[in-house]
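Here is a short briefing on one structure. Keep the sequence and the 3D view open while reading.

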Amino acid sequence: MSNLPGVWGTWGGYLPFFVAGFLASEPWRWAGALIGRDLDPNSEVFIWVRAVSSAIVAGLVARLVVFPTGAMAAMSAPTRYGAAAVGIAAFFAFRKNLGAGVLAGTLALLASYALLG
Amino acid sequence: MRAFWQGTLAMYGVPALVLYAGILGYGAFAREVGLTLGQALALPIFLQALPAQVVLADHAARGASLAAAALAVSLTAVRFLPMTVVIMPWLKGHSGPRWHELLVVHFVAVTVWIEGLRRLPTAPAEVRLVYYLGIGVGILTGTLASTALGYPAAGTVPQWMAAALLFTMPLTFLLAMIETSRSRADHFAIVAGVVIAPFASLWLPGFDLLVTGLAGGTLAWVLGRWRRA
């Protein structure tokens, strides 16, 4: 008896989740640990890898705002972009204060949603 | 041991709490697609990465093949390679055996990565690994608690509140990353990533973050070198 279809029901779902989850993702972390250990943090390669990481995380952020899923999809594009802009502006206005930026951005999102949708 | 608890406690502060708010949504999502509470809790333990958890839960619920699910999850996890490389210099100054490093890198994911880069430089070199382990365990316990809280809440939270909770996560990631970035290349990389990702998403779904990272990161590295010259 299982709540999930086909192969996903094996061992209550835990075995397929371990295989397609842990085993599919963890080797990337191990590879990073082995490569990163012997790399000089001041080398050009390291600076490049760091830039690649930063671009990936920034890209993840942009994807969440530009192509929203779930409840955020109900917010219009001007509301989402405007709120992000307000958050970034408040962050710099309050001398790079994380809490101020997030609070201002979220309040802007709710205000804009109430007024414009 | 003190460093461990300091790391754990730090994960009940602002950036981490925002992540937990987003994870309430994951708990609700897991229930909606038909996972048991036990399965919903197993995914963050195995993966420790929100996007991969959503991808895997979605594949399982739709009855996709194990190979297709593993490939999709693996693609979302490639980003951990460069991220782990970047954090390793802070994790290797300890006196324990080397396999300890392979254990703690399990916690490399966006929030822990940003928090690690923010906080590890302030800790003495020999306790950084333990401090980082504390950060990881703190995030994992917070994640499990908010998954369990979000699970029964499926469908009961008003839309505007759910949207606000979801929105805080990308905003926090972006601002925390600007705060931690050191070099010109980092600044260029953030801008390049934000600009390239939406186009990559349209043209190369599945590979979009990889392409964004390689193209944006390389462009930023070149621009950074040029500005230094």
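**Helix 3 of chain B**

In helix 3 (residues 37-47) of chain B, the buried residues are Gln39(B), Ala40(B), Ala42(B), Leu43(B), Pro44(B), Phe46(B) and Leu47(B). The model is a predicted one.

- The cover over these buried residues of helix 3 of chain B includes helix 1 (14-37) of chain A. It also includes helix 2 (14-32), helix 4 (50-61) and helix 9 (128-150) of chain B.

**Helix 5 of chain B**

- Helix 5 (residues 66-77) of chain B has 12 residues, and its first and last C-alpha are 16 Å apart, close to the 16 Å expected at 1.5 Å a residue.
- Buried in helix 5 of chain B are Ala69(B), Ala70(B), Val73(B), Thr76(B) and Ala77(B).
- These residues lie on the same side of helix 5 of chain B because they cover an arc of only 125° around the axis.
- Ala67(B) and Ala68(B) are exposed, on the face of helix 5 of chain B turned away from its buried side.
- Helix 1 of chain A is among the elements covering the buried residues of helix 5 of chain B, together with helix 4 and helix 6 (80-87) of chain B.

**The largest nonpolar core**

- The largest nonpolar core has 120 residues, of which Ala58(A), Val61(A) and Leu56(B) touch the most other members.
- Helix 2 (residues 44-66) of chain A gives the most to this core, with 14 residues.
- Not counting residues up to four places away in sequence, Val61(A) touches Pro170(B), Phe173(B), Leu174(B) and Val194(B).

**Domains of chain A**

- Chain A is divided into domain 1 (1-38), domain 2 (44-68) and domain 3 (69-117).
- The C-alpha centres of domain 1 and domain 2 of chain A are 24 Å apart.

Notes
Residues numbered from 1 in each chain as written. Chains lettered and ligands numbered in written order. Predicted model: local features only at pLDDT ≥ 70, side-chain atom pairs only at ≥ 80, totals over all residues. Domains from an automatic or database assignment. Buried ≥ 20, exposed ≤ 12 C-beta atoms within 10 Å, placed from the backbone. Helix = DSSP H or I, 4+ residues; strand = E, 2+ residues; numbered from the N terminus. Contact = placed C-beta atoms within 7 Å. Core = buried A, V, L, I, M, F, W, Y, C linked by C-beta atoms within 7 Å. Expected span 1.5 Å × (residues − 1). Arc of directions from axis to C-beta.
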